[in-house]
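Here is a friendly briefing to read alongside the sequence and the model. Please keep both in view as you go through the points.

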Amino acid sequence: MLRSAFPLVFQLPQRKPPPIRPRPPPVRRYASPAAAVPPPRPLPPASAYVHLPFCRKRCHYCDFPIVALGSSSPFPRGDGEDPRIADYVRLLLREVAATRPVSDDGVPLETIFFGGGTPSLVPPKLVAAVLDALRGKFGLSACPEVSIEMDPGTFNAAKLRDLVGVGVNRVSLGVQAFQEGLLRACGRAHGLQEVHEAVGIVTGCEGLQNWSMDLISSLPNQTQEMWEESLRCTIDARPTHVSVYDLQIEQGTKFGQIYTPGVFPLPSETDSANFYKVASKRLSEAGYKHYEISSYCKTGYECKHNVTYWQNRPFYAFGLGSASYINGVRFSRPRRMKDYADWVQNLEDGTWFHESSTSELKDMAMDSVMLSVRTAWGLDLHGFSKSFGKNLTLSLCTMFRPFVESGLVIAMDTERQALQLSEFDADLENKGDTGSKVAFIRLSDPDGFLLSNELISLAFGIISP
């Protein structure tokens, strides 16, 4: 997940990029008074994240709020369904029903993302119930992107057809690795045979053209040869989107108890950086666009829902532990089921409301930089200057200047064409006045992305000394 703070490293050694799973950005509880220069009025949300927390078991690296179901069959016969799933979905529907739309303008949802957990464990009729509730409360656009995370071994062809039939049109397949030993070492509930079966089901599903494959690098005992093999198998499967995550060792997980980052059997920092460079090279050669630090896609197949996060646009969220961003406020729901149920009851009783406080301008500026520079589109300097002031924009450009010279940061014009260092320097000398050419800055691929932690940390030091 995205982190709200980063270690400040002045010597900028070669490092691996931060791990990013497509989840909402970190929560800040904005309770400060309104800034002296009021920010633009937030747009109404057009996206919704729905958390379906059920898994067969907890993976050794996972710290998400989940409910482990054990050995329950993912393909119940007849109308049978796990009562834990049914009870949770009823609770989720209560939250949707009790949520007031932000706008009276009737802005429909353009993206919905079912994340988990393993949402493919949820029966299609319950997924349909959630979609119907969202449609009834907020409306759906003519062609919404409806994504669902699925794990190998948790669905068959009939179940996927049913999901597509109720409105799912994008699948994110959590493969993670193409080596049996690595899957076992991670505590994954599926094996390599189930991976190949799942790929066959997804690619053979009529009406489903948009699907993503997830991989994890820097796993225990993972070698460069293993990583190359996983990338080859991914490319051969021809997904329209690939997400590549670097393993993060989290406290409270099994991996957190037995492993230390950078210490064998985990790869070294150098090996992890090489994993990242190899992924960028191989996937780019195969025709995938590297549009965000961890995300690659064929032309036109960016994950629209995740772009909502990277562009810092508002979104609804529903379910255990989920985080929403509404009216400039990020809010996380409780991570424990009983606490979440109590919170939903309070929402229904009218004793809980979204905070109406205004974000501090510096926090909004940090969010804008942190999210923008993780993408190939980069930071819109003109828009940033309009929102946060020309002086701050010039200070950031001055800070980035040595990295523009080294090639880690790329300055671009309004057409997003790279500019020479002399043109960047001319803008700094003119203080961004008449004749300014620099419209965007982005990190280079892969070397700039590899140093995103450090460069963002330096930017934070300028925004909030």
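Where is Ser103 found? Ser103 sits in the loop between α1 (83-98) and β4 (109-115). This is a predicted model, in which local features need pLDDT of at least 70, side-chain atom pairs count only at pLDDT 80 or more, and totals for chains, interfaces and linings use all residues. Residues are numbered from 1 along each chain as its sequence is written, and side-chain values use heavy atoms, with hydrogens and water left out.

**The chain as a whole**

- The secondary structure comes to 16 helices and 16 strands; helices (H or I, at least four residues) and strands (E, at least two) are DSSP runs, numbered from the N terminus.
- Of the 465 residues in the chain, 55% are buried, where buried means under 20% relative accessible area, exposed over 50% and partly exposed in between (1.4 Å probe, protein chains only).
- Among contacts (heavy atoms within 4.5 Å) with a separation of 6 or more, 75% are between residues 24 or more positions apart.

**Ser103**

- Ser103 counts as buried because its relative accessibility is 17%.
- Pro45 lies 58 residues from Ser103 along the chain, and their C-alpha atoms are separated by 8.4 Å.

**The nine-strand sheet**

- Nine strands form an open sheet with mixed pairing, in the order β9-β10-β8-β7-β6-β5-β4-β1-β11; two strands pair if DSSP finds at least two bridges between them.
- The edge strands are β9 (289-292) and β11 (316-318), each with a single partner strand, so one side of each has no neighbour in the sheet.
- Neighbouring strands of this sheet are turned by 20° against each other on average, direction ignored; axes are lines fitted to C-alpha atoms, for helices over the stretch in contact, and angles run from 0 to 180 degrees between N-to-C directions.
- Five bridges link strand β6 (residues 170-176) to β7 in the parallel sense, and Leu173 has Met213 in β7 as its bridge partner.
- Helix α2 (residues 124-138) packs on the sheet and touches β1 (47-51), β4, β5 (140-150) and β11, with its direction at about 150° to that of β4.

**Helix α6**

- Helix α6 (residues 224-237) has 14 residues and reaches 20 Å from its first C-alpha to its last, close to the 20 Å expected at 1.5 Å a residue; the expected span is 1.5 Å times one less than the number of residues.
- Its buried residues are Trp227, Glu228, Ser230, Leu231, Thr234 and Ala237, and they pack against α5 (192-203), β7 (210-217), β8 (241-246) and α8 (269-285).
- Just after α6, Arg238 takes a positive phi of about 60°.

- The axes of α12 and helix α13 (residues 390-406) come within 7 Å and cross at roughly 135°, which makes α12 oblique to α13.

**The three-strand sheet**

- Three strands form an open, antiparallel sheet in the order β14-β16-β15.
- At its edges stand β14 (379-380) and β15 (409-412), each with a single partner strand, so one side of each lacks a neighbour in the sheet.
- β15 and strand β16 (residues 440-443) run antiparallel and are joined by four bridges; Phe440 in β16 is the bridge partner of Met412.

Key. Angles under 35 degrees count as roughly parallel, over 145 as roughly antiparallel, 65 to 115 as roughly perpendicular and the rest as oblique.
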